[in-house]
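Student: Hi, could we go through a structure together? I'd like to know how to read it step by step.
Tutor: Gladly, and here it is.
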Amino acid sequence: MLKKILTGLLVILIIIQFIRPDKNESNDLTYDITTKYEVPDDVSHLLQVSCNDCHSNKTEYPWYANIQPVAWWLNDHIVDGKRHLNFSTFTKMPIAIQNHKLEETIEMVEEKEMPLASYTNFGLHKEANLSEEKRQKIIVWAKDQMTYLKETYPADSLVMPKRRK
């Protein structure tokens, strides 16, 4: 009986290897944050190694992303991450939302909620672990971009519209 169960699980594991999610590799930069905002090389590097796998249209996949069901789990994280913030489509959003997303970036980095622990656990993505100095670089950069928006746009255009009930 146990042999039949294990054989059945093995067959299922083999079959699911052929059911793969689409990869996040378009890398369309038409509305990328760098088209409108100054992103210094050091900050760009930090965003690349710590944020862009889940918050852009270009994910650098690790070897284990080819194994199901891990690929589904990773895809779910990427889809959810892009839903919250996508640097590749950043300038397509209204100015108020861009301002708000920069504010959220500051908050998430300050509170060490990003990058996710699951992204850096077990020595995975070591380069994504942000020291306090690296966190401060991202925070200062995002604050500078918010200052740029305040100096460039009318104050009322930076306020998030109230949600209708």
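Tutor: Let us begin with a definition: a residue counts as buried when its relative accessible area is under 20%, as exposed when that area is over 50%, and as partly exposed in between. Please also keep in mind that this is a predicted model.
Student: Okay, so is Tyr64 buried or exposed?
Tutor: Tyr64 has a relative accessible area of 15%, and because that is under 20%, Tyr64 counts as buried.
Student: And what about Trp63, buried or exposed?
Tutor: Trp63 has a relative accessibility of 66%, which is over 50%, so Trp63 counts as exposed.
Student: How do you describe a pair of rings, in general?
Tutor: One gives the distance of the centres and the angle of the planes.
Student: How many aromatic pairs are there here?
Tutor: The count comes to four aromatic pairs. One of them is formed by Trp63 and Tyr64, with 5.5 Å from centre to centre and 90° between the planes, and this pair is edge-to-face.
Student: Which residues do ring pairs link into a cluster?
Tutor: The cluster consists of Tyr37, Phe87, Phe90 and Tyr148, which are linked by ring pairs.
Student: Which ring has the charged end of Lys23 over it?
Tutor: That is the ring of Tyr61, and the charged end of Lys23 sits 4.7 Å from the centre of this ring. Lys23 itself belongs to the loop between helix 1 and helix 2, and with a relative accessibility of 40% it counts as partly exposed, because that value falls between the two cut-offs of 20% and 50%.
Student: Switching topic, where is Thr30?
Tutor: Thr30 is also in a loop, the one between helix 1, which covers 2–16, and helix 2. Its relative accessible area is 48%, so Thr30 counts as partly exposed.
Student: What does the side chain of Thr30 contact?
Tutor: The side chain of Thr30 makes a polar contact of 2.5 Å with the side chain of Asp28.
Student: What does its side chain reach, then?
Tutor: The side chain of Thr59 makes a polar contact of 2.7 Å with the side chain of Asn24, and it also reaches the backbone oxygen of Asp53 at 2.6 Å.
Student: Now the backbone. Which peptide bonds are cis?
Tutor: The bond from Gln68 to Pro69 is cis, with omega near 5°, and the bond from Met114 to Pro115 is cis as well, with omega near -10°. Pro69 is placed in the loop between helix 3 and helix 4, whereas Pro115 is in the loop between helix 5 and helix 6.
Student: What about Lys112, what is its phi?
Tutor: Phi of Lys112 is near 55°, a positive value in a residue other than glycine. Lys112 lies in the loop between helix 5 and helix 6, and it counts as exposed because its relative accessibility of 52% is over 50%.
Student: Last topic, pockets. How much space lies in the largest one?
Tutor: About 730 Å³ of space lies in the largest pocket. Its lining has 34 residues, and those nearest its centre are Cys54, His55, Gly81, Met114 and Leu116. By class, the lining has 18 nonpolar, 10 polar and six charged residues.
Student: Which helix gives the most to that lining?
Tutor: Helix 4 does, with eight residues.
Student: And how much space lies in the second largest pocket?
Tutor: The second largest pocket holds about 210 Å³ of space. It is lined by 14 residues, with Asp32, Thr34, Ser44, Gln48 and Asn52 closest to its centre. Helix 2, residues 41–50, gives the most to this lining, with three residues, and by class the lining has five nonpolar, seven polar and two charged residues.

Note on methods:
Residues numbered from 1 in each chain as written. Predicted model: local features only at pLDDT ≥ 70, side-chain atom pairs only at ≥ 80, totals over all residues. Heavy atoms only, no water. 1 Å grid on protein atoms, 1.4 Å probe; cavity = no way out; pocket = protein on both sides within 12 Å on 5 of 7 lines; lining within 4 Å. Points joined across faces, edges and corners; volume = space filled by probe spheres on them. Helix = DSSP H or I, 4+ residues; strand = E, 2+ residues; numbered from the N terminus. Nonpolar A, V, L, I, M, F, W, Y, C, P; charged D, E, K, R; others polar. Buried < 20%, exposed > 50% of the residue type's maximum accessible area, 1.4 Å probe, protein only. Phe/Tyr/Trp six-rings, centres within 6.5 Å; stacked < 30°, edge-to-face > 60°. Lys NZ or Arg CZ within 6 Å of the ring centre and 35° of its normal. Polar contact = N/O pair within 3.5 Å; in protein donor to acceptor, adjacent residues only side chain to side chain.
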